[in-house]
2 protein chains.
Amino acid sequence: MLIEIICTGDEVLTGKIVNTNFSYMAQKLEDFGLSVTSGTIVGDDREELLAAFRLSGERADAVIVNGGLGPTVDDLSQEIAARAAGVDLVLNEGWLERMVDFFRRRNRVMSENNRKQAMLPSIAEVLDNPIGTACGFALDIGKARFFFTPGVPRELRRMLEEQIIPRLLARSGVSTAIHLKRFHSYGLGESHVDQLLTGVEELVPDGSVKLGFRTHYPQIETKLTIRGADMDDIARKLAPVEEEVRKRLGNFILGEDDQTLEGVVLAALAERDGTLAVVETFTAGQIAGRIAHLAGAEKVFRRGLVARDPAEIAATLGLDGGLISGELSREAAEAVAQAMRAETDASHALAVLIEVDDGPDRIDFGGSIHLAIATGEGVESRRSRIYGGRDWVRLGAVELGLDCLRRYLQGLSITERADFERV
Amino acid sequence: MLIEIICTGDEVLTGKIVNTNFSYMAQKLEDFGLSVTSGTIVGDDREELLAAFRLSGERADAVIVNGGLGPTVDDLSQEIAARAAGVDLVLNEGWLERMVDFFRRRNRVMSENNRKQAMLPSIAEVLDNPIGTACGFALDIGKARFFFTPGVPRELRRMLEEQIIPRLLARSGVSTAIHLKRFHSYGLGESHVDQLLTGVEELVPDGSVKLGFRTHYPQIETKLTIRGADMDDIARKLAPVEEEVRKRLGNFILGEDDQTLEGVVLAALAERDGTLAVVETFTAGQIAGRIAHLAGAEKVFRRGLVARDPAEIAATLGLDGGLISGELSREAAEAVAQAMRAETDASHALAVLIEVDDGPDRIDFGGSIHLAIATGEGVESRRSRIYGGRDWVRLGAVELGLDCLRRYLQGLSITERADFERV
């Protein structure tokens, strides 16, 4: 099935906003085994929209149009959809009532121009939008089924998942259920993960498992798309593959599905009534910044200390300045973590001390990381070196710090080597 | 002049990467008074690429193609460009030498498949890429001039600015110079800025000044595009408009052109040999995280303290716990800033204490912010309330903290009200 996406709106066309809706839709369709053939970006212009709708209507089997369903004069999707389909716009009484009710429940009065949002092409099938006033709809233009969606990301997301993907799957003739299983890892590059997982798809010989990856430095997301007759069939197929992926990626898996690294760390601490203190240098508060604001962190995050000068850290924690004033070391990081723990009475203290290279911010700019975790049971530490420029080193060190804490809390080794570090 | 953009690559088409190159190009062209008529996204597929090139060649006057100039088998831009133009691919000896030299200077050996990057359509005009091995080029397909650019963002940016925009301006028949002047502000909404600046374009009656905005919460960027016969003419036209914008937006302007809020604060502190200490709660280290990692901050950023519990802050700074244990207040923030300054001996101490609402993370979720700045001369403080959900409140408070510091360092009032706060 040939699927196209048309993104509309001057804000997208002029680059005023980055088109994250496109990548979201394409990615989500891929997750369900549906591929996008091409994408088009057009502004709020009647003739351009009409030409784009007609062209896609000739080429594709299904077209998703995003944006242009709002109440203002530059929202043109319903009007041009009707023109392209050769039908009239008519007031949809049902949607009008929904909108009146929507405003009433929020103690607001519906303005007259919102009525425009209930004007739909006469042949339109309504696609429900339970969280907004923009009415989604579907109709045929040329040989393609068109699905019109709102530009507001959360409204689009819900409509795509609940209304459009089931219809696309039905039209594609795939009378099966589908499921996406995700693993998040840190420390292995994409090609390494790919190589480690060679052949896992073949554990289910009928080809119903598809493996894919998505990199967002420094994490890699590994995705398994599984098709089956129903959810039981999927669970049966997934079980051995899932187990094998966990075995092969092992300790590098930091979370699955909707879990985040910071969420896993926070939950592991909360579960044991633990508390956390963090000492940072070049990461500049960004380790604390990943975890301390989360709901629930108010009970767990005890204290963060940030300084660029190790001597400032030594002074703050009452340490012998000589220990961390010269070349940093694992021992220095251990002393800092232990002193921070003693000072704050936190159950866990993480220290991430970094010496950054001198010189310009280039691809060969690096940093030496000295990391330690102190608890009532003792202290563990590691050394690491990351290259790639200031941002790369800083982002890598933030992730390394959080991931070592995750490993420690899960009883795993904190010194397993990451692909992008140099010793 | 009708300009189209074609973005190529499976990674973009499948949503694996967000298409920031498109928004960058569209925005940059707008800055030079050039508009994009439509955008197309196609994968690494010979027939799809050919169809896209031919279609745009019929419709547009100029087309920018992004991506597909790399050394691997799925990089197809040169091949399909040659097919669409009906010419052969030939080895460009000059570019091959450039590549050999490029690798030699980096002590690396060029691999055989890089030769492919020097195969260009016979009629191609080379567009220089001084920082990479992908050779840009231009040629005619149909009635349009096509410009082929690399997918690597920094290579694209340089080629667009240095090679392509001058050619587009020449083709558009605009024999004038153009200049973009930018102002960054915090605290005024886009519609408010728009209203405050009503009529500034008319200070230059010949229509050569164009006003535009770009919002990236919580900052607004105000852009003036000025055309003139040459840079002297532009400077003459810009002067009165620039002065008027500065007058009307006043203290809300936090920086101009490439300046950032954190950079302005850092420079203002460095200039007076100042040092900074920061105390944070719900902003979770993200105020420190904006400034402490910057080059030069190692001399300025003295210490950051993060805690979610005000009692922890009181204990750390040796303050009377009663002062900040109950309802927070400006007085509590003042006491914290003063104690932090005394403790760290920094010239400037910023304290941003936040009480977040109870309840779910919705649009009506808010936070009360108590902010103080202490120096050798005394202490100033303000109270603020921001709604909009956890992220919105946190991001707003980070910006408010840094902007109050900027105002203080510039001798301006720190209590001027922002549009999105409620009292």
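**View 1. Pro218(A) is found in the loop that links strand E10 (209-216) to strand E11 (219-228) of chain A.** In this predicted model, the peptide bond between Tyr217(A) and Pro218(A) is cis, with omega at about 0 degrees. In chain B, Pro218(B) lies in the loop between E10 and E11, and a cis peptide bond, again with omega of about 0 degrees, joins Tyr217(B) and Pro218(B).

**View 2. Four strands of chain B form an open sheet with antiparallel pairing.** The strand order is E10-E11-E9-E12. Strand E10 (209-216) and strand E12 (253-256) of chain B each have a single partner strand and stand at the edges, so one side of each lacks a neighbour in the sheet. On average, and with direction ignored, neighbouring strands of this sheet are turned by 25 degrees against each other. Within the sheet, strand E9 (residues 177-186) and strand E11 (residues 219-228) of chain B run antiparallel and are joined by ten bridges. Opposite Ile178(B) stands Arg227(B) in E11(B).

**View 3. Two residues of chain B other than glycine take a positive phi.** Asp257(B), with phi of about 55 degrees, is found in the loop between E12 and helix H9 (261-271) of chain B. The relative accessibility of Asp257(B) is 28%, so this residue counts as partly exposed. Ala284(B), with phi near 65 degrees, is found in the loop between strand E13 (276-280) and helix H10 (288-291) of chain B. Ala284(B) has a relative accessible area of 0% and is therefore buried.

**View 4. Helix H4 (residues 77-85) of chain B contains several buried residues.** Ser77(B), Gln78(B), Ile80(B), Ala81(B), Ala82(B) and Ala84(B) are buried. Just after H4(B), Gly86(B) has a positive phi of about 70 degrees.

**View 5. Leu168(A) belongs to the largest nonpolar core, which has 52 residues.** The residues with the most contacts inside this core are Leu29(A), Leu168(A), Leu29(B) and Leu168(B). Beyond its neighbours within four places in sequence, Leu168(A) is in contact with Met1(A), Ile3(A), Leu29(A), Leu34(A), Ala62(A), Ile64(A) and Phe147(A).

**View 6. Chain B is superposed on chain A by a rotation of 180 degrees, with 0.2 Å of shift along the axis.** The RMSD of this superposition is 0.2 Å. The relation is that of a two-fold axis. Of the interface residues of chain B, 100% are also interface residues in chain A, so the copies meet through the same surface. For the complex, the predictor gives an ipTM of 0.84 and a pTM of 0.85. The average pLDDT of chain A is 93, and 99% of the residues score at least 70.

Note on methods: Residues numbered from 1 in each chain as written. Chains lettered and ligands numbered in written order. Predicted model: local features only at pLDDT ≥ 70, side-chain atom pairs only at ≥ 80, totals over all residues. Heavy atoms only, no water. Core = buried A, V, L, I, M, F, W, Y, C linked by side-chain atoms within 4.5 Å. Buried < 20%, exposed > 50% of the residue type's maximum accessible area, 1.4 Å probe, protein only. Contact = heavy atoms within 4.5 Å. Pairing = 2+ DSSP bridges. Helix = DSSP H or I, 4+ residues; strand = E, 2+ residues; numbered from the N terminus. Axes fitted to C-alpha atoms, helices over the stretch in contact; angles between N-to-C directions. pLDDT = per-residue confidence, 0-100. Least-squares fit on C-alpha atoms with pLDDT ≥ 70 in both.
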